Amino acid sequence: MFVRNKTLTLAASAAFAAAALASGAARAEDVFKIGLIVPMTGGQASTGKQIDNAIKLYMQQNGDTVAGKKIQVILKDDAALPDNTKRLAQELIVNDKVNVIAGFGVTPAAFAAAPLATQGKIPEVVMAAGTSIITEKSPYIVRTSFTLPQSSTIIGDWAVKNGIKKVATLTSDYAPGNDALASFKERFTAGGGEIVEEVKVPLANPDFAPFLQRMKDSKPDAMFVFVPAGQGGNFMKQYAERGLDKSGIKVIGPGDVTDDDLLNDMGDAVLGAVTAHIYSAAHPSAKNKEFVAAYKKAYNSRPGFMAVGGYDGINLIYEALKKTDGKTDGDSLIAAMKGLAWESPRGPISIDPETRDIVQNVYIRKVEKVDGELYNVEFQTFEAVKDPGKAKK
Amino acid sequence: MTSILTNLFDGVAYGMLLFVLACGLAVTLGLMNFVNLAHGAFAMAGGYVCAIMVNRVGWPFFAALPLAFVASAMIGALLERTLYQHLYARSHLDQVLFSIGLVFMTVATVDYIMGSSRIFIKLPDVLQGQFDIFGVGIGRYRLMIIAICGLLTVGLQLVLSKTRFGSRLRAAVDDPRAASGLGINVPQVFAFTFAFGCGLAGLGGALSAEILGLDPYFPLKFMIYFLIVVTVGGSSSITGPFLASLLLGIGDVAGKYYVPKLGPFVIYTIMIVILIWRPNGLFGRTATR
Amino acid sequence: MTTNAQTDVGILARQHGRWHWSEFAFWIVVLAVGLAFPSRYLIMTEILRLALFALSLDLILGYAGIVSLGHAAFFGVGAYCAGLLSVHGLINEPVLALIVAGLAATVLGFVTSFLVIRGVDLTRLMVTLGIALLMEALAERFSNITGGTDGLQGIDIQPIFGVFAFDMFGKTGFFYSLAVLFVLFLLARTIVHSPFGLSLRAIKNNPLRAAAVGIPVNKRLIAIYTVAAFYAGIAGALFTQTTALASLDVFSFERSADLVLLLVIGGSGYLYGGLIGAAVFRMLQELFQWITPQYWMFWIGLVLVVIVMVGRHRIHAYALWLPNLILRQIAGRKAAVVLTDNEAP
C-alpha cells in the first residue's frame, strides 16, 4: 500500500508564484513607457532583434529624455504567437501602465493587440507587420513599416512596362503573402500580363525545391516572389541551384526576398533580381549612410528594412511626444502622430492623417555588386506612395 | 516525364540527407533505447562549425565537412561521458525532459553567439547550378549529397555486419550483461557509437545548410522529421531508416510538386498508415526491452 | 475469499477517494492566490487553462499509461470549434459553446483512439503526433474556414449567462476558468477513484494480467482516451473564449511537447501533478522571460537538465522539506507528506 497525498508541493509553488507575480512596477509621472512586443525567439526572431537593435541605437543617438519625460522601453518576447502578444499587451497596459505599445513582428500579433489599443486608448505603433488592413483594426494603430500592396502594385506596373508577359507566382500562404499576390495580380493582369502558375507555399517550409521545379516547368518570363524576411536567403539559393537564373527566369517582387539583412550571403545568383521596396541599405542619402554606418558599428551587421521600421517607429514616438509637449494620453499622441513627416534613412516619409498608415517612396532596385558586396541598387523612384489597399475604398 | 525524374532525383537527395541526419538517432533510440530529442542539436553544431570555418576562416568546403563530423562527434563524446551515460537506465520521460532541456540550451546559446538570422555556407563553384542529362535537371549539390550519403550508407552497413566492432555493438545491444561477461567493454562501445552518430548528424547538418537552411531553431524544426524516419523505419538495421528516409524525401517532394496545397498531408498520412500497419516500423523487431 | 477481496478493494478505493485535508488547502490557496493578485489575472488564467490541459494528459498518461505527443489536436479542435461557433453566431452562450466544443473534440478522440491503442510507446507517441500534425495541415488547407496562419477573425465572446462580460483585466476569464477547472477536476477525481479508474490502473501496470482477470483492455483505453479528448477540447475552447483568438498554432507540436514537460515536472498519476507542473513551468518561463526576453530558453533548458540530473524524486522531496518541517512542528512526527510517483517506466 502506498501513501497517496502529496499536495503540499503546492506550498512551495505558491510561495514561488507569489514571488514571480509581485513583479509589477508603479507608475512614475515623469516616465514615458513604451511596451515593445516583438518576437525575440522562434522563427521570426531576427525581426525582433533588428527592431530592438534599431531602437537601442536611436536612443543612444538621441538621448532618453523627451519633453521632460524619461523614455523607458519594456521589451517583451511574444515568439510571434498571437495569444502571447495579446496577453503581454494587456499586462503592459494594465500593470505597467505603458503609454504606447509597439513592435508586432507578424500580422496576427498586430491584430491580436488591436482591440486592446482601442479599449485602453493606447497608441499601437506597428513596426514590422505589413498586411494592408491592420491599421483599420483600431483608430489607435499607426504604422511605420510598409504595406505589401505599396510595393507589389508598383512592381506589377513595372513588369508590364518592361515587357514581362508571363509570370509565375510563389507566395507564402498568409495574409501578407496573399496581399502581395492580390495587388500584383490586379495591376499585372490589368496591364495585359498573364499569370501562368500560382503557388502558395506554407509559411513553415524547409525545402523550396519542388515549388521551384513547378515554376521552372511553367516557363514564365519572370517569377513574382514573396517570402517573409529571413526565408529569402534559402529561396534564392535554391533558385540558383535549380538553374532558374540560367534559364532566364528573373525574380521580381516586393523586397522582402532580397532583404539587406541576408543579401550579402546569398551568393551571386541574386544578381539582377528586381524588386520594389521601401528601403535599401544602399539608399544614397547622407542620413542613410550615417544610419548604416552606426548600425554596422554597433551590431556588426547590415540593417534591413525591419531595423528601419523600428528606427522610424521610435522616432515617431519621440516626435509625437515633442509635439504634444509632454502630454501622454493616447488621443493627444495619435493626433500628434497624424500627418507627421520626417526624413528617414529610407527617404522622406509621413503618416497619412486619414488612414494613420505610412506614406513613403517606393524604389525599384536591382541587385548589384558594390565594392565587392551585394546591394539593392535603386534606379527608379515612385514618390509618396500611399497604401493602395486603402486608396481603393 | 523529365519532371518526374527530376522530382525523383530531388526526393532521393532530400531523403539521403534526412538519413544522414537521422541515422545517429536510429542508433541511440533504436539500439541503445535512449530517447535523444537533442539529436538535431549535434547536427546544428556541425553546420555552424562548417559555416565558421568556410566563411570566416576561409577553409575550402570539402575540408570543412570532415571537421564538422569530428567536431560534432567530439561534442557528442564529451556529453555522453559527462551526462548521457547516467541516463541510459532512466525512464523515457526523464530522457525526454533532459534532451529537450539540452535543445533549449543549445538554441539559446547559438542564438547568443551567432545571432538568429539564417546563415549560409559559401560553396565552391563546382557545386553550384544544375546540368541536364537527357533533359533531366540534375543539381550538382544534390548529386554530391547522394554520392556522399550513398557511400556512407554502404560503409555503415559493412561496418555493422562485417567488422568486429559491428558484432560487438550488436552483442552489447542485444544483451549488455552477457556482452560484458564476454569481455566487451559495453560503455566504451556505447560511447563510441553515440559519438559516431553525433558525428554523422554534424556532417548532415553541414550538408543541409544549403537545402534546409541553418538557424538556431534547426533542432526544434527538424526533430519531428528525425522521429518520423526512425519510427517508420524501425530499428533492426540501418536499412529501415534508410528506406524510410527515401520514402519521406520522395513523398515530400512529390507531394509538394503535384498537390502543393496538400503537401504535408502526404507525409503524415503515410506515416500513420505505416505505423498502424506495422507498429514497430517497416523493419522493426519486436520490442526487446 | 472473492467477496473479501472485493470488499478490500472497495475499502481501499473509498479511502483513496476521500478528500485529504491538503487537497482542501490546495484549492483554498488557489482561490487565495487568485484574489491576492488582481493585476495578474491573465497569466493565472493561462496557468489554469494549461492545468486543465495537463489534467487531460494526466488521465491517459498517469492512469492508463498512454503517452501522447499530439494532445494539441484536441485542444485545437476545441479552440476552433468555440471560435467558429462565436464567429458565425451559432451558439452565443459561452458555457454551452464550451460544452459543444468539448464534445467536438470528444468525437475526434473517439475516432482516433482506435489508431492510438495499437502499438507500443514510441508508436503511440508518433501516431498521436501525426494526428496533431494532420489536423494542423487540415486547418491550413481549409484556411477559408479557419483563417489559416492569420487566425480566425471576428471572435466576439458574449457575456457568460448574459451577465458576466469578459473584461480587459481578465477577471471574468480567470474565475470562469477556475470554475471550469474545478468542476472538471471533481469529475476526473470521481472517474479515477471509480472501479473504472481502478481497472485502468491495472491495465497500466500490466495489460496482459488485466486482460486475464477479465478487464476489457481496449474498451477501457478507448473510453479514457475519449474522455481525455473531451478535457483537452474544453481547455482549447477556454483558450479561445478567454483570449478571443484561434490560429494555427493551437495545433502546434510545441504545445503538445510543453504539456508533456510540465506534466513530467509535476509528476503524473495523482491529478494534481499537471496543476502544479503548469504553475511551476509557466511561472519559471515568466520569470526568465522577465529577466532576459532574448535568451530565456537557455535557463528553462538548464532547469530541465538539472531536474533530471538531480532526479525528480529528490526534487519533490526537497520541495516538501519545508512544508513537512512545519507540519511536524504542528502535528507531530507522523504527519509527514510523502509524494509517490507512479508513472510509466
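The axes of helix α9 (residues 195-205) of chain C and helix α11 (residues 217-243) of chain C come within 10 Å in this predicted model and cross at roughly 115°. Axes are lines fitted to C-alpha atoms, for helices over the stretch in contact, and angles run from 0 to 180 degrees between N-to-C directions. Helices (H or I, at least four residues) are DSSP runs, numbered from the N terminus. The angle makes α9(C) roughly perpendicular to α11(C); this class spans 65 to 115 degrees, whereas angles under 35 count as roughly parallel, over 145 as roughly antiparallel and the rest as oblique. The crossing is left-handed, meaning that the near helix is turned anticlockwise from the far one by less than a right angle. Ser199(C), Leu200(C) and Ile203(C) of α9(C) meet Val217(C), Arg220(C), Leu221(C) and Ile224(C) of α11(C). Contact requires C-beta atoms, placed from the backbone, within 7 Å. Five of these residues are nonpolar, one is polar and one is charged. Ala, Val, Leu, Ile, Met, Phe, Trp, Tyr, Cys and Pro count as nonpolar, Asp, Glu, Lys and Arg as charged, and the others, Gly among them, as polar.

The model is predicted: local features need pLDDT of at least 70, side-chain atom pairs count only at pLDDT 80 or more, and totals for chains, interfaces and linings use all residues. Residues are numbered from 1 along each chain as its sequence is written, while chains are lettered from A and ligands numbered from 1 in the order in which they are written.

In chain B, helix α1 (residues 2-31) packs against helix α8 (residues 186-212) at about 160°, with axes 8 Å apart. The pair is therefore roughly antiparallel. α1(B) passes α8(B) in a left-handed crossing. Residues of α1(B) in the contact include Leu17(B), Val20(B) and Gly24(B); those of α8(B) include Phe194(B), Gly197(B) and Ile211(B). By class, this contact has twelve nonpolar, six polar and no charged residues.

Ala45(B) lies in helix α2 (residues 39-57) of chain B. Ala45(B) counts as buried because it has 25 C-beta neighbours inside 10 Å. The cut-off for buried is 20 or more such atoms within 10 Å; 12 or fewer is exposed, and in between is partly exposed. Beyond neighbours within four places in sequence, Ala45(B) contacts Ala71(B), Ser72(B), Ile75(B), Gly202(B) and Gly205(B).

Between chains, 35 residues of chain B are in contact with 33 residues of chain C. On the chain B side, α4(B) gives the largest share, 17 residues. That side divides into 26 nonpolar, six polar and three charged residues.

Key
Helices (H or I, at least four residues) and strands (E, at least two) are DSSP runs, numbered from the N terminus. Two residues are in contact if their C-beta atoms, placed from the backbone, lie within 7 Å.
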